[in-house]
Amino acid sequence: MNDSPLQVLTLPTSPYPDQRPGTNGLRKKTHVFQSEKYYLHNFIQCIFSSIDLRDRQGSTMVVGGDGRYFNSTAIQVIVQMAAANGVGHVVIGQNGIMSTPAVSCVIRKIKAIGGIILTASHNPGGPDGDFGIKFNTASGGPAPEAVTNKIFQLSRTIEELAICPELRVDLGTIGKQSFDLENKFKPFTVEIVDPVESYANSLRNIFDFAVLKELLSGDNHIQICLDARHGATGPYVKKILCEELGSPANSAINCVPLEDFGGGHPDPNLTYATDLVETMKSGQYDFGAAFDGDGERNMILGKHGFFVNPSDSVAVIAANIFCIPYFQHTGVRGFARSMPTKCRSGHVNITPKCFTLCRCALNRTSSISTHSAVLSRVARATKIQLYETPAGWRYFGSLMDAGRLSLCGEESFGTGSDYIREKDGLWAVLAWMSILAARRQSVEDIMTDHWRTYGRNYYTRFDYEEVDLDAAVEMMLDLELMISDRAFIGQVFTVGEKKYQVEAADNFEYSDPVDGTISRNQGLRIVFKGGSRIIFRLSGSDSFGATVRLYIDSYEKDINKLFQDPQCWIVTDYM
């Protein structure tokens, strides 16, 4: 403990107009947080100010990040401001690293008031990359819209911030550190913890680790290859999959967290995880998976690079959910999927040619997929309630908190369950391994059996990134006007031998069944008879500019057409 009390200062500051948190917190280019005076400090102060003073006095908060550039510097500032704002105890992952699902897990286990996660998820890192700050509440989930709106309003009027600038924490040594602050009766404490252990304990209570160990290291074990992409998941993969479940050490690659993710893009999809895809194509491995920067997202691959679409992934888990012991004990309360929330960049114009693209693409797919209606068919067959929500994990969290939801997924490679309030890439991998152990089939055989039972959705998604916001909004308004015309309903579009008749078109609106909150303007939907659909949506998860997402989802139930290679068609020929 330091000998003399540390000084707490109140410093004047000025607001910034652009600190509105999105569904994944505040994301900007790293240099913005570094170069703009008090840009980081302002937002952190607004997070603390959004919590009632009586609640935060003496409270516990969890802090962690994905290890990207500026992570450790930001954590020191957060700790200094937490102490000055009355927080009594801060729990931090060793070296400042803790995956997003692990932060959610720890918040819930120790009953913390909330957590601050430093990540830009699947966005690039490094000095020229992105940085992000996300606030999770006491439920362990992302702050609801009412809280993020309050943070934004505070950021527009902030005049001062509280900080203890001389406080410095050793992030590398596990254990407690105590600090005396002036005018404080109790010491402020910081606890550096093993970022894996608490999370691993939860997984031990969800999955049968003995069964998984036999799958990975028994007499007839499978060969796996897991790519952590130099993100936060690396230490979890090494400790849980290799050290505890017995998979060989060389089955886990890129497991050392790096500030720039090794110069790569920490996005687990076919575009960026190409090294893993090529490795899997060799046929040496039976199962492969990749994770994003902070451990939320996952991509599943089978032997010879067989790709499992994220929509199909959550549907397969749903159809085989009782292979997971946790659900044998808790039962299944409900399923949920997001209404479609990488990738191509460019200016988007709504023209007849754009609709030609959509019509042609209904029978063709690219390497990026959307969340389709495939989970809906599993829910109907199992008579389990299904919810369709806007993009953003907080909507799932509301349903989980109300005891209505057990399993959920979103189109951007995110899957999770109700044991925490975040998507969880490693949980999804262990869920798949539990299914492999129970069914003793390959990934491809499990997937093809699923298609035979439920039919198959072919998908494509295009992202038009860094689009001028005004132009994007104008485009969406023009399109909404077009599909709102009564004459649009019933129109038939022909693609090859298939005809698609418009059954419905709307701007998706979500009414939360728990609290009645209405979320409007969540995406423009064109739904065809038979279950196919086209969706346009504005997304705000990038560091600057707008992203227009175009989704195309074509349902196929003809058994002779279920096994086409979705990568053999190139939609861009029609642009």
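A residue counts as buried when its relative accessible area is under 20%. That cut-off matters for a couple of residues in this predicted model. Take H230, which sits in the loop between β10 (224–227) and α9 (234–244). Its relative accessible area is 18%, so H230 is buried. Setting aside residues up to four places away in sequence, H230 touches N254, V256, P257, L258, F261 and G262.

With a relative accessibility of 18%, S398 counts as buried because the limit is 20%. Past its neighbours within four places in sequence, S398 is in contact with D512 and V514. As for R421, it lies 23 residues from S398 along the chain, and the two C-alpha atoms are 9.1 Å apart.

Confidence averages a pLDDT of 90 over the protein, and 91% of the residues score at least 70. Where pLDDT is low, the predicted coordinates should not be read in detail.

The largest nonpolar core takes in 76 residues, and L203, L241, F287 and W427 have the most contacts inside it. Helix α16 (residues 425–439) supplies the largest share of this core, 11 residues. There is also a second, separate core of 47 residues, with V32, I113, L167 and V169 among its members.

L241 is worth a click. Leaving out neighbours within four places in sequence, L241 is in contact with L216, I224, L226, Y236, G246 and S247, and also with L426, L430 and M433.

## Where α11 crosses α17

How do the axes of helix α11 (residues 310–319) and helix α17 (residues 443–454) cross, and at roughly what angle? They come within 11 Å of each other and cross at roughly 80 degrees. Angles of 65 to 115 degrees count as roughly perpendicular, so α11 is roughly perpendicular to α17.

On the α11 side, the residues that meet the other helix are D312, A315, V316 and A319. Their partners in α17 are I446, M447, H450, W451 and Y454. Sorted by class, this contact has seven nonpolar residues, one polar and one charged.

Terms used. Residues numbered from 1 in each chain as written. Predicted model: local features only at pLDDT ≥ 70, side-chain atom pairs only at ≥ 80, totals over all residues. Heavy atoms only, no water. Core = buried A, V, L, I, M, F, W, Y, C linked by side-chain atoms within 4.5 Å. Buried < 20%, exposed > 50% of the residue type's maximum accessible area, 1.4 Å probe, protein only. Helix = DSSP H or I, 4+ residues; strand = E, 2+ residues; numbered from the N terminus. Contact = heavy atoms within 4.5 Å. Axes fitted to C-alpha atoms, helices over the stretch in contact; angles between N-to-C directions. Parallel < 35°, antiparallel > 145°, perpendicular 65-115°, else oblique. Nonpolar A, V, L, I, M, F, W, Y, C, P; charged D, E, K, R; others polar. pLDDT = per-residue confidence, 0-100.
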